[in-house]
Amino acid sequence: MSAAEEIVAEGQAVEAVPKRAMTLGTGTSLLVLAVLLLVPLVVKNFIIFQLTMLLIYGVAVLALNILTGGSGQFSLGQSAFYAIGAYTSAILMETFNVNYALTLPVAGIVCFAVGFLFGLPALRLSGVYLALATFALATAMPQLLKLGYFEPWTGGVQGLVVDKPDAPFGLPISQDMWLYYFTLVITIAIYVASINLLRSRSGRAFMAIRDNEIAASSMGVNVALYKTLAFGVSAGITGVAGALGAIAVQFVAPDSYTITLAIALFLGMVVGGVGWLPGSFVGSAFIIFVPNMAESVSKGLSGAVFGVLLFLVIFLIPHGARQLAIVGQQLAGRLRR
Amino acid sequence: MELFTNQVLAGISTGAIYACMALAVVMIYQAIDHLNFAQGEMAMFSTFISWQLMQWGVPYWVSFIVTLAFSFVAGIAIERVLFKPLAKAPILTNVAGFIALYSIVNSCAGLIWDFTIKQYPTPFGSSPFLGSQLISTHQAGMIGVTLLMLLFLFVFFRYTRIGLAMRAAASVPESARLVGVNTSWMIALGWGMAAAIGSVAGMMIAPVVFLEPNMMLGVLIYGFAAAVLGGLTSPLGAVVGGFLVGIFENLVGTYIPGVGNELKLPIALALIVTVLVVKPAGLFGRPIVKRV
């Protein structure tokens, strides 16, 4: 009755999503894009700021989605990469006076490197163990950021204040609106790039690993390389999101990047639908607006509301927003007939 | 040399905390093959219950027993209502479930008892133990309780019918069902026992770290580290791992300059990653061999 004799039937970490089902159709995409372009013209500055945050968290959730929905690996530690991106950007801007736009690629590269390196030990872990290691990473990150050694750059517990950029070329729009469009351009670039990545050779390798690691390796997929690559890409994109977040919030501090943020991003992915890229933004809207509503009812309630809703999603719509989108599509089709 | 022995002693007493938590972690891992990320929060909630009972004037040991019973029943209830339907779901769904539970319990404790730090009594007193300055009677009591729980678990799994049934259900569910073991209820029982052990851990830890909704986060990470070091399949390993982690933490803090209390969690992280990479089965665990 040794463990070796058991037949391992489950082994699946994530339910597979067909490649075609990962994105929206062209028509819908253009419609969403038009809405995103026009909305800031008619709403107040605070709402523009919230929309900017929606896009930023959306990018971070998208990054997690590439890792989990694409390659089938977990991470409860995305807040750590988000923090590293935010700090990279803030330090470059404040200490070295680098232009804010130029800090984004640097943040991306730094996080890619860190993610790739963390991916190396993570290679040997799967499922719960990986979740555990990344969980520990997320809880450890605020303490690392508060460390005395780094204080000249990180500002220790106090954190750093970042200036908000003005619109360039004397454009007659507010700072918030400029930042929104700036974020939107980068978000679209990352979104398109992610779709292309998942449709490329590398993306197919990710999905092969997700669906069956052993079969993938026997087909000649370099499992170690692609797993760490997925980790690196995901961390890099999260880092860019973190850098954007630092610019938008104008402040970085260790306690903004706790395990709560990692849980929120994870939640955003589950709510949006694992493996469905547009769902990332639905999930991000969820994690931004639901806590606000819950806190307005009672302080400290948001955690409970998050948890209850997460259970509801798991039990009622396990595929998240993707499932709702499919149902909506079917209804629309029936109405047309 | 005296510094070294003193630090080892101090390490053993903090290690008892981690050993308690690691026992609960291993208990649930044995039953369901998952790490319960909400374990720490469940323990914290139980501790709050006992605190509330004591506030109402219930004596310590009565509230201890009541809390134990409550945690046992609550653990079973959580399994029956929330996690039994997820048994066949992908790992991701289960992890999401644990995260949801974590967030609900943490938030509810904050709502009911708010986030201020509370004193928690100890039944053992806090005078020096046998004249030693390093180890208090509470810490000695905590070590004693940990070892007692370990002994209880050992006897339970080794010599009782139901313990045998639980082991069977965990290692070969199909065959266990064929010989008439109700595997589904064995899992629920595992949840209940893990919750009860967790509540003991919480009540032992609370006098040291003080009672508040976030008290368990650091302890849980160290409990995970201890469980991983000892091997996730072995209760004895969990306890030994707990003590080792406690000693390790103290020695690193003493001998490596610049590593103080502020680096507690990164040390645990490094430890977890190192053990998982170098020896994934831990010190006492059995390696998992998969058939392709």
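The model is a predicted one. Chain A contains 14 helices and two strands, while chain B contains 11 helices and two strands. Of the 337 residues of chain A, 51% count as buried, and of the 292 residues of chain B, 50% do.

**Chain B: order of elements and overall dimensions**

- Taken along the principal axes, the box filled by the C-alpha atoms of chain B is roughly 55 × 50 × 35 Å.

**Contacts between residues separated in sequence**

- In chain A, when contacts with a separation of 6 or more are considered, 78% of them are accounted for by residues 24 or more positions apart.
- In chain B, among contacts between residues at least 6 apart in sequence, 76% join residues that are at least 24 apart.

**Helices α4 and α10 of chain A**

- Helix α4 of chain A, spanning residues 100-122, and helix α10 of chain A, spanning residues 223-249, have axes that come within 6 Å and cross at roughly 145°.
- The crossing in which α4(A) passes α10(A) is right-handed, and the residues of this contact comprise 19 nonpolar, 11 polar and one charged.

**The surroundings of A:Y191**

- A:Y191 is located in helix α7 of chain A, which covers residues 175-199.
- A:Y191 counts as buried because it has 20 C-beta neighbours inside 10 Å, and a residue is classed as buried when 20 or more other C-beta atoms lie within 10 Å of its own.
- When neighbours within four places in sequence are left aside, A:Y191 is in contact with A:L62 and A:L277.
- For the pair formed by A:Y191 and A:L62, the separation is 129 residues in sequence, whereas the C-alpha to C-alpha distance in space is 7.9 Å.

Notes. Residues numbered from 1 in each chain as written. Chains lettered and ligands numbered in written order. Predicted model: local features only at pLDDT ≥ 70, side-chain atom pairs only at ≥ 80, totals over all residues. Axes fitted to C-alpha atoms, helices over the stretch in contact; angles between N-to-C directions. Helix = DSSP H or I, 4+ residues; strand = E, 2+ residues; numbered from the N terminus. Left-handed = near helix turned anticlockwise from the far one by under 90°. Nonpolar A, V, L, I, M, F, W, Y, C, P; charged D, E, K, R; others polar. Buried ≥ 20, exposed ≤ 12 C-beta atoms within 10 Å, placed from the backbone. Contact = placed C-beta atoms within 7 Å.
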